[in-house]
Amino acid sequence: MSYRHNLQLTADKKLRHFLTIQGLPRAVLCEILDTAETFSHVGQQAVKKVPILRGKTIVNLFFETSTRTRTTFELAAKRLSADVLNLNIAASATSKGESLLDTLRNLEAMQSDMFVVRHAQSGAAHFIAKHAPKHISVINAGDGQHAHPTQAMLDMFTIRRHFSDFYPLKVAIVGDVLHSRVARSEIHALTTLGVNEVRVIGPKTLIPTGIDSLGVHVFHNMEEGLQDVDVVIILRLQKERMTGAFLPSEQEYFHSYGLTSEKLNYAKPTAIVMHPGPINRGVEIDSSVADGSQSVILEQVTNGIAVRMAVMSMAMGQYTAAGGAV
Ligand code: CP
């Protein structure tokens with residue numbers, strides 16, 4: 001994809017919308033990580049605020065449930081000093097039949113500057129970005145099975161914090177890859193950042209056909225797939241997106257693919273364990289691993305604030321890692 005024709009970038013290759021990792025150059029991903037690094041101290045300050053987005057209005061539009069993404073986007077916007085509007089979808093006029101575009105037109109009429117969108121339909125954030133006026137940026141906070149780009153970038157930030165370089169790393173993504181927007185965005189981010197190897201591990205029913213065309217190696221056995229990996233990313237079974245019988249039972253899934261201390265021993269002793277959340281203990285991960293010394297699951301949540309601050313400030317054209325606030 002030509003960068004000029006990439007809806008996400010301006011003519012001078014700066015972030016305008018953040019909809020998917022696919023098609024973004026490595027330089028943009030590195031700029032997000034470097035900018036997030038400069039924001040990571042804000043949470044430790046007595047006054048957890050910087051004035052970078054003062055006077056901007058950010059609207060959170062969550063048409064699907066969320067705990068981590070919604071709250072960390074809200075905190076990130078507030079730490080950038082923006083005004084934040086959380087539209088309560090259940091109590092909004094969409095329940096009276098108002099179309100998505102009409103809802104957006106009304107929010108635009110309130111001089112909003114950014115929409116942060118989560119939606120159950122793949123492509124919803126692209127659709128909104130295509131119809132948004134020029135001054136509004138759209139950030140995808142997860143759309144159907146398609147993409148969750150800020151989750152992928154906070155995971156890359158967490159990995160970079162633990163390992164100095166992406167190039168030598170072997171990363172395994174385990175579980176329900178078929179229904180996972182996180183897995184898709186992570187595969188694009190990891191391959192763009194140039195890790196040594198990306199593996200996906202899971203039962204045949206939960207690994208999409210042709211996924212090897214994205215540059216990943218497929219395994220159906222934990223002992224083989226976890227051998228010598230540096231990073232293990234565990235995915236939840238996305239039962240809300242399963243329309244048929246993909247598994248004999250959760251107990252059998254846990255027996256074969258649930259991450260226990262015994263299975264984690266196949267990975268390097270220095271390996272970190274990640275999970276985007278929400279976690280289902282005893283289904284895809286054992287509590288001894290989720291709460292164990294190799295788990296960085298709660299670090300991921302903390303890092304999500306700095307990464308979302310970076311993405312929002314860059315999309316508003318207000319910050320670069322090299323140049324600081326503009
Ligand atoms: N990781 C993630 O997207 O979690 P939430 O659904 O709680 O936002």
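This is a dialogue on reading several features of a predicted model.

Colleague: What should I know about the numbering and the model before I start?

Modeller: Residues are numbered from 1 along each chain as its sequence is written, and side-chain values use heavy atoms, with hydrogens and water left out. Because the model is predicted, local features need pLDDT of at least 70 and side-chain atom pairs count only at pLDDT 80 or more, while totals for chains, interfaces and linings use all residues.

Colleague: How many residues does helix 6 have, and how far does it reach?

Modeller: Helices are DSSP runs of H or I with at least four residues, strands are runs of E with at least two, and both are numbered from the N terminus. The expected span of a helix is 1.5 Å times one less than its number of residues. Helix 6, residues 181-193, has 13 residues and reaches 18 Å from its first C-alpha to its last, close to the 18 Å expected.

Colleague: Is helix 6 mostly covered or mostly open, and which of its residues are buried?

Modeller: A residue is buried under 20% relative accessible area, exposed over 50% and partly exposed in between, using a 1.4 Å probe and protein chains only. Helix 6 is mostly covered, with ten of its 13 residues buried, including Arg181, Glu186, His188 and Leu193.

Colleague: Where is His179, and is it buried or exposed?

Modeller: His179 belongs to the loop between strand 5 (170-174) and helix 6, and it counts as buried because its relative accessibility is 3%. A polar contact is a pair of N or O atoms within 3.5 Å; within protein, one must be able to donate a hydrogen and the other to accept it, and residues adjacent in sequence count only if both atoms are side-chain atoms. The side chain of His179 makes such a contact with the side chain of Asp176, at 2.9 Å.

Colleague: Which residues surround the ligand?

Modeller: A residue is near a molecule if one of its heavy atoms lies within 4 Å of it. Among the residues surrounding the ligand are Ser66, Thr67, Arg118, His148, Gln151, Pro276 and Gly277.

Colleague: Which atoms of the protein lie at polar-contact distances from the ligand?

Modeller: A polar side-chain atom of Arg118 lies 2.9 Å from an oxygen atom of the ligand, and an N or O atom in the side chain of Gln151 is 3.0 Å from a ligand nitrogen atom. A polar backbone atom of Pro276 is 2.8 Å from a nitrogen atom of the ligand.

Colleague: What can be said about the peptide bond from Gly277 to Pro278?

Modeller: That bond is cis, with omega near -5 degrees, and Pro278 is found in the loop between strand 9 (272-274) and helix 10 (287-290).

Colleague: Which residues other than glycine have a positive phi?

Modeller: Lys13 is one of them, with phi near 65 degrees; it is found in the segment before helix 1 and counts as partly exposed because its relative accessibility is 44%. Ser81 also has a positive phi, of about 70 degrees; Ser81 is found in the loop between helix 2 (68-79) and strand 2 (83-87), and it is buried because its relative accessible area is 18%.
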